[in-house]
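Hello,

Here is the structure for you to look through. Please open it first, then read my notes below.

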Amino acid sequence: MTQEDAGTKTAEKKQPTPKKPARPKLTLQQKFVKLREAVPAITQGKHSEGVQYKFAKIFDVYRLLTPAMNEYGVNFDIVVEAATRHTPEGDPQFYHFYTMSTRNGQRTVWVYEADLTIRWTNADNPEDTLEVTLHAIGTNDGGPDKAKGSAWTYCLKYYLFEKFGIDQGDEDPDMSDLAATGQPGGQAAAANRPTAPQNAPSGRNTQATGQPAQNGHTGAQTPLSKAQLTRMYRKGEDVGWTEQQINDRILQRYGQQDPHYLTRAQYDEICNALDAARRQGQGGNANA
């Protein structure tokens, strides 16, 4: 090796590694805009031979969103899991179950329900945060752990879709009652859809979201109004039924997690049964 070659190699070794350009100083809200620009759309795919329609999975969201979060310095954590139900002793109750009659016999369906508080943090300014509370609910006949996984997955998936306005391209299969048209997978696709939150610090959105019936019934074209639900719950009070008992009965009888999306026929059936129980003075035996 000549002296000239050695000098050239030494010079190559001493060349400084190029530094990554410094991140621009942005607030958390400004970074949300950058994240939204980074994930404008997600292409739906066919993920299983047993499911005939295309859909987007939460991993499709993370695949595009995580690199953008790393680039702009945004962290995302679930910081609270709070039960919305409690035992008579006051202990938190995340799970309950009911038995469903099928053509193959009795089937136990587990239900997980909780409020999840997530925290967004600006990595460049850890005091710049945003906390949002989401309501997660999911069902599964494979056990309580699978019900929880289903609830968390659907809750976070649809929150991120709404938060960043992600376009899924084709019509969201969870917005269609596929079972009613004879296509397989309608029940699985519609189950466990959470209430989408507002993109605001308060987080909670009590407005009904576009959720179809999850047991094969065709959902109402227009969600039931707050006044209609209030009327139904008052009928229940007249015969000794609490709002929670009515909601549990709706879930058990119709497989519907959000009473807003009862069909009008189902709604009328419940109200008529409660009226009949009141007339007969048999509140505890209302066949709603």
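**What I found**

Keep in mind that this is a predicted model.

H7 passes H8 in a right-handed crossing. Helix H7 covers residues 243-254, and helix H8 covers residues 264-280. Their axes lie 12 Å apart, and the packing angle is about 125°.

Which residues of H7 meet H8? They are Ile246, Ile250, Arg253 and Tyr254. On the H8 side, the partners are Gln266, Glu269, Ile270 and Leu274. Sorted by class, this contact has five nonpolar residues, two charged ones and one polar one.

Now the strands. E5 spans residues 105-122, and E6 spans residues 125-140. The two run antiparallel, with 13 bridges joining them. A hairpin of two residues links E5 to E6. Find Trp120, then look across to E6: Leu130 stands opposite.

Next, the whole protein chain. How many helices and strands does the chain have? There are eight helices and six strands. Their order along the sequence is α-α-α-β-β-β-β-β-β-α-α-α-α-α. Trace that pattern in the viewer.

Two totals complete the picture. The protein chain has 288 residues, and 41% of them count as buried. Then take the contacts with a separation of 6 or more: 63% of these are between residues 24 or more positions apart.

Best wishes

Notes: Residues are numbered from 1 along each chain as its sequence is written. This is a predicted model: local features need pLDDT of at least 70, side-chain atom pairs count only at pLDDT 80 or more; totals for chains, interfaces and linings use all residues. Side-chain values use heavy atoms; hydrogens and water are left out. Axes are lines fitted to C-alpha atoms, for helices over the stretch in contact, and angles run from 0 to 180 degrees between N-to-C directions. Helices (H or I, at least four residues) and strands (E, at least two) are DSSP runs, numbered from the N terminus. A crossing is left-handed if the near helix is turned anticlockwise from the far one by less than a right angle, and right-handed if clockwise. Contact means heavy atoms within 4.5 Å. Ala, Val, Leu, Ile, Met, Phe, Trp, Tyr, Cys and Pro count as nonpolar, Asp, Glu, Lys and Arg as charged, and the others, Gly among them, as polar. Two strands pair if DSSP finds at least two bridges between them. Buried means under 20% relative accessible area, exposed over 50%, partly exposed in between (1.4 Å probe, protein chains only).
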